[in-house]
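Please keep the sequence and the model in view while reading.

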Amino acid sequence: MTAGETIRIPPCSGHAVELDAGDELVVIDPMGQQVSDLTAFCREDLDEYLSSGRSIDYASRLWLSTGDVLYSNRSRPMFTILEDTCGRHDFTLTPCSKEMFEKLYGEAEGRPGCEGNLARALAPWGVSRDRVPVAFNIFMHVAVEADGRIAVLPPLSKPGDHVRLRVEMPLVVAMTACSAGQSNNFRYKPIDFRVERARDRSAG
């Protein structure tokens, strides 16, 4: 990966990358209405991971956006959201999985889904499927009704919408182009990302 290069994650797949504190990760929806599940682990101790519960608790709201911090299970900042051109993401629903496709979609033999794709991408770091936590579901549109019911609706993201995250500790980050039809209006598309290294910005 060269400095500032845009990497494309093909539909229904995942990718992982190592990032340093101060790096900026830009996750882009190139075609619109496509979710990316993102999770992260501390490079120095893989038992520390991105926590939905901590992040929502400290922000005191369900939908996180510009200025919010994403915390680890140890209450340490992992990311700060610097820019968000979409404004609606989900941090409550678990990554889609083989079993989810069987139970909710009626597939006879479910696909790996984001859970499997994240685990595959994280395998070089020894992270198994059972250790994949609730992901930050970038661009995912989950509506919550007054009676507590939820509905997964087509994303609000338009072509070119992006989220810029500043990395707050050395991380292993994994992302997907989500495999669930409800998360992409049943049109399976790619996700792009770009890493802007802190060392390159300081050298410039």
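In this predicted model, the side chains of strand β12 are divided between two directions: I191, F193 and V195 point one way, while D192, R194 and E196 point the other way, and all of them are buried. The strand, which spans residues 191–196, is accordingly described as mostly covered, with six of its six residues buried.

The partners of β12 come next. Strand β1, residues 6–9, pairs with β12 in the antiparallel sense over four bridges. Strand β3, residues 24–29, also pairs with β12 in the antiparallel sense, here over five bridges.

Is V167 buried or exposed? V167 has a relative accessible area of 0%, and because buried means under 20%, V167 counts as buried. Excluding residues up to four places away in sequence, V167 touches L19, D20, A21, G22, D23, M78 and F79.

Attention may now turn to a sheet. Four strands form an open sheet in the order β2-β11-β4-β7, with antiparallel pairing. Its edge strands are β2 (13–19) and β7 (136–138), each of which pairs on one side only. On average, neighbouring strands of this sheet are turned by 25 degrees against each other, direction ignored. Within the sheet, β4 (residues 36–42) and β11 (residues 171–177) pair in the antiparallel sense over five bridges, and A174 in β11 is the bridge partner of T39. Helix α3, residues 113–122, packs on the sheet and touches β2, β4 and β11. The direction of α3 makes about 140 degrees with that of β11.

The last topic is the largest pocket, which has a volume of about 210 Å³. Which residues lie nearest its centre? They are L93, T94, M100, M140 and V152, out of the 17 residues that line the pocket. The elements that give two or more residues to this lining are α2 (98–104) and β9 (150–153). Sorted by class, the lining has eleven nonpolar, five polar and one charged residues.

Methods. Residues numbered from 1 in each chain as written. Predicted model: local features only at pLDDT ≥ 70, side-chain atom pairs only at ≥ 80, totals over all residues. Heavy atoms only, no water. Buried < 20%, exposed > 50% of the residue type's maximum accessible area, 1.4 Å probe, protein only. Pairing = 2+ DSSP bridges. 1 Å grid on protein atoms, 1.4 Å probe; cavity = no way out; pocket = protein on both sides within 12 Å on 5 of 7 lines; lining within 4 Å. Points joined across faces, edges and corners; volume = space filled by probe spheres on them. Nonpolar A, V, L, I, M, F, W, Y, C, P; charged D, E, K, R; others polar. Contact = heavy atoms within 4.5 Å. Axes fitted to C-alpha atoms, helices over the stretch in contact; angles between N-to-C directions.
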